[in-house]
Amino acid sequence: MNRMFLVAALTALLLPTAAPLTLAAQGAAYASPESEAQITSAMSAAPSSISADATILDWKLTVLREGTNEWTCLPDQADRPGTNPWCITEAWMDFLNAYANKTEPTFTEIGFAYMLQGDSPVSNSDPYATEPTEPEDWVTDLGPHLMILVPDRKMLESISTDHLNGGPWVMWPNTPYAHIMIPLESRARAPRQLGSTTSRMNLSLIPVCSSWRGCSSQP
Ligand SMILES: [Cu+2]
């Protein structure tokens with residue numbers, strides 16, 4: 001998830017949770033080239049066995065294409081860094097509505113989301129952060145991943161909150177918007193490199209403490 005569902009889209013997001021199909025009347029009968037591009041982008045978020053029959057919305061939640069399965073896909077947001085189309089199930093629509101209104105989600109079923117094109121950078125702790133946080137919190141370089149919502153957030157308590165642990169982790173823990181992130185490609189903490197701020201600091205200490213004995217004998 002990222003916090004892209006802001007402003008414009010969000011005012012339109014005051015939907016009942018089962019709403020996508022109720023917007024059908026707004027759908028264009030003939031897709032413009034722009035709509036076609038958005039549909040292609042949205043469909044790239046998930047395997048075609050899902051996205052081929054999914055309902056496709058734009059970020060104003062206009063239906064670009066009616067679907068026949070339980071999935072809804074939205075396209076990349078060109079005005080945000082990274083590539084962030086996604087395909088989601090109903091629980092995520094409820095999640096979005098709650099997120100937009102800063103209320104508690106009310107979904108009662110597990111929610112699935114595919115983001116096979118990655119996502120925009122995002123804080124792992126603050127759902128509404130607008131500026132990069134420190135590296136251990138700021139989630140960047142997100143490749144393809146899945147996201148899982150569970151109605152009982154207690155079930156998330158035993159799962160790592162470290163986004164660089166290499167496997168699944170919990171994003172936005174201890175908030176109503178906690179969910180499991182599952183990277184589908186290798187994801188790891190970069191090895192410390194000489195020349196990093198930390199390394200320079202350590203090196204600068206060497207002349208002061210030329211040996212651990214010398215250091216420890218200082219008053
Ligand atoms: Cu997420």
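Good morning. A definition comes before the structure: two strands are said to pair if DSSP finds at least two bridges between them. With that in place, I turn to the model before us, which is a predicted one.

I shall begin with strand β9, residues 169-171. It pairs with β10 in the antiparallel sense, over 3 bridges. Within this pairing, W169 stands opposite M181 of β10. Strand β10, residues 179-183, also pairs with strand β8, residues 145-149; the sense is again antiparallel, and there are 4 bridges. Here L146 faces I182 in β10.

These strands belong to an open sheet. In what order do its 8 strands stand? The order is β2-β1-β3-β4-β5-β8-β10-β9, and the pairing is mixed. Why is one side of β2 and of β9 left without a neighbour in the sheet? Both β2, residues 63-65, and β9 stand at the edges with a single partner strand each, so one side of each has no neighbour there. From one strand to the next, the twist averages 30°.

Let us move to another part of the sheet. Strand β1, residues 55-57, and strand β3, residues 72-74, pair in the parallel sense over 2 bridges, with T55 opposite T72 in β3. Helix α2, residues 33-43, packs on the sheet and touches β1, β2 and β3. The direction of helix α2 makes about 80° with that of β2.

Finally, I come to helix α4, residues 90-101. Which strands does helix α4 lie across? They are β3, β4 (86-88), β5 (111-115) and β8. Helix α4 runs at about 85° to β5. Thank you for your attention.

Note on methods: Residues numbered from 1 in each chain as written. Predicted model: local features only at pLDDT ≥ 70, side-chain atom pairs only at ≥ 80, totals over all residues. Axes fitted to C-alpha atoms, helices over the stretch in contact; angles between N-to-C directions. Contact = placed C-beta atoms within 7 Å.
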